[in-house]
Amino acid sequence: MNRRTLLTIAALATLALPRVASAATVVDVYKGPECDCCGDWMAYMRNNGFKVVAHELPDVSAFRARHGITPALASCHTALVDGYVIEGHVPAADIRRLLSERPAGARGLTVAGMKHGSPGMETPFIKPQAYTVQLIRQDGSTRVWRSYPGA
Ligand SMILES: [Cu+2]
C-alpha cells in the first residue's frame, strides 16, 4: 500500500466517523435531586442509544409548566429531545416514532403519573399497569399515541 492510498483511507475514515458519533440523539432530562426512577429511565434511554444529559432543578414543576405540561399530564421528570418535550417514563420506541413522523402541531409525549411496568418503573413483584402514551399538541389538546396493556 503506498502513501497516497493510506492518506485516502485516513481521509475517508475521518469523514465516516463524525456521522457515527452524531447518530446519538441528545436527551436533556430535568429532574429533582432525589428521584431514583428518573435515574432508572435515564439508564434505560442510554441503553437504547440516546445521549442523556441530566439537569437537576429545585422545582421541576415550574420548568414543566413553561413547556406546556399541565398537572394532569405531569410525571416525575421532564426531558427535551430535538425540540420536543417528553414527560415521564415514555418508551424509547415512541420517542423514535415521534422524531421520525414529526406530526404537525406536536409539542411532545407524556406518560402521566408513575405507571408500574413503564420503562424505569419496573418493580419486582408488582404487576405492570396498563398505561397510555399521549401526544400533546401545541394547543394543549392530546390524543393517544400508543397504549400498553398491563399484565
Ligand atoms: Cu418516575
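Okay, let's start with β1 and β2: they run parallel, and six bridges join them. Strands here, like helices, are DSSP runs numbered from the N terminus, with at least two residues in state E for a strand and at least four in H or I for a helix. Val 27 stands opposite Val 52 in β2.

Before I go on, this is a predicted model, so local features need pLDDT of at least 70, side-chain atom pairs count only at pLDDT 80 or more, and totals for chains, interfaces and linings use all residues. Residues are numbered from 1 along each chain as its sequence is written.

Now the whole sheet. It's open, with seven strands in the order β2-β1-β3-β4-β5-β6-β7 and mixed pairing; two strands pair if DSSP finds at least two bridges between them. β2 and β7 (142-148) are the edges, each pairing on one side only. From one strand to the next, the twist averages 20°.

On to α2, residues 36-47. Its twelve residues should span 16 Å at 1.5 Å a residue, and the end C-alpha atoms are 17 Å apart, which agrees. That expected span is 1.5 Å times one less than the number of residues.

Which residues of α2 are buried? They are Cys 37, Cys 38, Trp 41, Met 42 and Met 45. By buried I mean 20 or more other C-beta atoms within 10 Å of the residue's own, by exposed 12 or fewer, and partly exposed is in between, with C-beta atoms placed from the backbone.

And what do those buried residues pack against? β1 (26-31), β2 (51-56) and α4 (92-101). Contact means C-beta atoms, placed from the backbone, within 7 Å.

Last, the largest nonpolar core: of its 27 residues, Val 27, Ile 86 and Leu 109 touch the most other members. Such a core is a set of buried Ala, Val, Leu, Ile, Met, Phe, Trp, Tyr and Cys residues joined through C-beta atoms within 7 Å. Its largest share, five residues, comes from α2. Ile 86, leaving out residues up to four places away in sequence, touches Ala 79, Val 81, Ile 95, Gly 108 and Leu 109.

Note on methods:
Two residues are in contact if their C-beta atoms, placed from the backbone, lie within 7 Å. Axes are lines fitted to C-alpha atoms, for helices over the stretch in contact, and angles run from 0 to 180 degrees between N-to-C directions.
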